[in-house]
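Subject: Structure handover

Dear colleague,

Here is the structure I said I would pass on. My notes follow below it.

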Amino acid sequence: MTGKKTIGVLSFQGSVEEHLAALGRFPEVTALPVKTPEALNRVDALILPGGESTTISKLLSIFGLMEPLRQRILQGMPVWGTCAGMILLAKEVVGEQPHLGVMDIAVRRNAYGSQLDSFTANETIPAVLGDPIPLVFIRAPWVERAWGTAEPLLTLNGHIAAARQDNMLATAFHPELTDDLSVYRYFLQMIG
Amino acid sequence: MDKQVYERNKNLAQMLKGGVIMDVTNVEQAKIAENAGAVAVMALERVPSDIRKQGGVARMSDPKMIWEIKQAVSIPVMAKARIGHIAEAQILEALEVDYIDESEVLTPADDRFHLNKFAFKVPFVCGARNLGEALRRIGEGAAMIRTKGEAGTGNVVEAVRHMRTMMEAIRQLQNMPREELMTFAKENGAPYDLVVYVAEHGKLPVVNFAAGGIATPADAALMMQLGSEGIFVGSGIFKSSDPEKMARAIVKATAFYNDPKVLAEVSEGLGEAMKGIELSQIPETERYAERGW
């Protein structure tokens, strides 16, 4: 990696501080909360945090960030969506309109059920690390289908829980809620 | 409840941070709230200002109504149980709500004991006026806290008082030498290990929202600036003259609480906020915030 990279976290709502704190553990990264087009212009890469996708999507539209963000992703800016962020990226969302609609995946919201069905797992994601890492699923979505150049990185109980397509990474789980930084390291490699 | 379940229940509250949770009494209101950008809805039969007006015993809502709202929206659905009402909480858990509010807005079922929230898998949010009360509830298993304020008044003064009281105590603890923490725990009726946690981390071990009297976008921004991590709005939305507009404005103000220009824009032309009550006109016995042990 050449020089310091600025990684933004979309900071309308959700697990923003958790992502910023994790990024803060990398000396080569400057972490920046992003709420405006000006802040978006300053980042080399962006994380879309966990939260409520309907809320974040509405705020993206209202505050004029939806289109500039979509353009930056289409131009190749590395982006990583966790949970709600994965829903924002998907080209298809079962039962509702897509949001950013940039990634060749179809996702189902709250696919596992209510909060009583939230769960924790330990799984190996071969592309990320050879050892199992802790995965926290909170009212999580799953990927029903991936097409084009979108590749599943992890399949859990028959459903895709992580996928990569070129500059886009999507995880149904929340690395920001654990101490494990391996998915962050993987994302940093995508920035180059 | 195993430790991982409790962690995940705290995690769900983390996902709600920076958002607005709205009281709704039917499917139509729930959809308005979701479309306005609410992060969750609180399903209940009467909003607090109506409970206040109509009097009588306020209980858990009809499961049918909660079920219908669950079917109608994709955001988390919360519901209220009476303080200490074990069976109401069990019923709400069986309905698979996403969060139970053990709430002082309903008439307490037990005048000495709160629920043992660790006995449930479903997460609980509880109200608190000060740090000791917050840590007692967390000690019983609450995965989220909200300052109580005074629900159904449309008057933010109590919410401010409770948030300032809690933040002041947290700042005090941060500056206390270790040997003073046990006496703090004793004097505030708070579990010692949680007192130590707050002293070391400078915050509660769970997410803390503001509630009780928030009626305008400016009220929401005020509470966020005082350190709240998100907002509950009860009567403030559906007792205003244009609920849809008010709901959207409060969502925007909560996300941009530190941007006065945005706050000015969203506060424009909202019509009338709920009428509101001056606190001195509410007798001590009718103050909901006093309920809690």
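Over all chains, the count comes to 25 salt bridges, a salt bridge being a side-chain nitrogen of Lys or Arg within 4 Å of a carboxyl oxygen of Asp or Glu. Before the details, two notes on conventions. This is a predicted model, in which local features need pLDDT of at least 70 and side-chain atom pairs count only at pLDDT 80 or more, while totals for chains, interfaces and linings use all residues. Residues are numbered from 1 along each chain as its sequence is written, chains are lettered from A and ligands numbered from 1 in the order in which they are written, and side-chain values use heavy atoms, with hydrogens and water left out.

Salt bridges within the chains

In chain A, Glu52(A) pairs with Arg109(A), with 3.5 Å between the closest N and O atoms. Helices here are DSSP runs (H or I, at least four residues), as are strands (E, at least two), numbered from the N terminus. Both Glu52(A) and Arg109(A) are buried; buried means under 20% relative accessible area, exposed over 50%, and partly exposed in between, with a 1.4 Å probe and protein chains only.

In chain B, Glu150(B) and Arg52(B) form a salt bridge at 2.6 Å, N to O. This pair also links distant parts of its chain: Glu150(B) is in the loop between β6 (144-147) and α7, Arg52(B) is in helix α3 (residues 48-54), and they are 98 residues apart. Both Glu150(B) and Arg52(B) are buried.

Another salt bridge in chain B joins Glu133(B) to Arg129(B), the closest N and O atoms being 2.9 Å apart. Glu133(B) is buried at 0% relative accessibility, and Arg129(B) also counts as buried, at 19%.

The interface of chains A and B

The area buried between chain B and chain A is about 2600 Å², with carbon and sulfur atoms giving 57% of it. Buried area is the accessible area (1.4 Å probe) that two parts lose on being put together, summed over both. On the side of chain B, Arg8(B), Met15(B) and Phe256(B) lose the most area to chain A, together 26% of what that side buries. The contact involves 33 residues from chain B and 32 residues from chain A, where contact means heavy atoms within 4.5 Å.

How many salt bridges are there between chain B and chain A? The count is 2. One of them joins Asp98(B) to Arg139(A), with the closest N and O atoms 3.1 Å apart. Asp98(B) and Arg139(A) also belong to a network of salt bridges with Glu52(A), Glu96(A) and Arg109(A). Arg139(A) lies in the loop between β8 (132-137) and β9 (142-146) of chain A and is buried, with a relative accessible area of 9%. Arg139(A) has a positive phi of about 40°, although it is not a glycine.

Single residues worth a look

Leu89(A) is in helix α5 (residues 84-89) of chain A and is buried, with a relative accessible area of 0%. Leaving out residues up to four places away in sequence, Leu89(A) touches a set of residues including Leu48(A), Ile73(A), Met103(A) and Leu169(A).

Ser235(B) is in helix α11 (residues 235-238) of chain B and is buried at a relative accessible area of 4%. A polar atom of the Ser235(B) side chain lies 3.1 Å from the backbone nitrogen of Ser49(B). Not counting residues up to four places away in sequence, Ser235(B) touches Val47(B), Pro48(B), Ser49(B), Gly152(B) and Met274(B).

In helix α9 (residues 192-201) of chain B, the buried residues are Leu194(B), Val195(B), Val196(B), Val198(B) and Ala199(B). Their cover includes α6 (131-140), α7 (157-174) and α8 (181-188) of chain B. Just after α9(B), Gly202(B) takes a positive phi of about 70°.

As for cysteines, the structure holds 0 disulfides over all chains, a disulfide being a pair of cysteine sulfur atoms within 2.5 Å. Cys83(A) is buried at 5% relative accessibility, and Cys126(B) is buried at 1%.

Regards

Methods
Polar contact = N/O pair within 3.5 Å; in protein donor to acceptor, adjacent residues only side chain to side chain.
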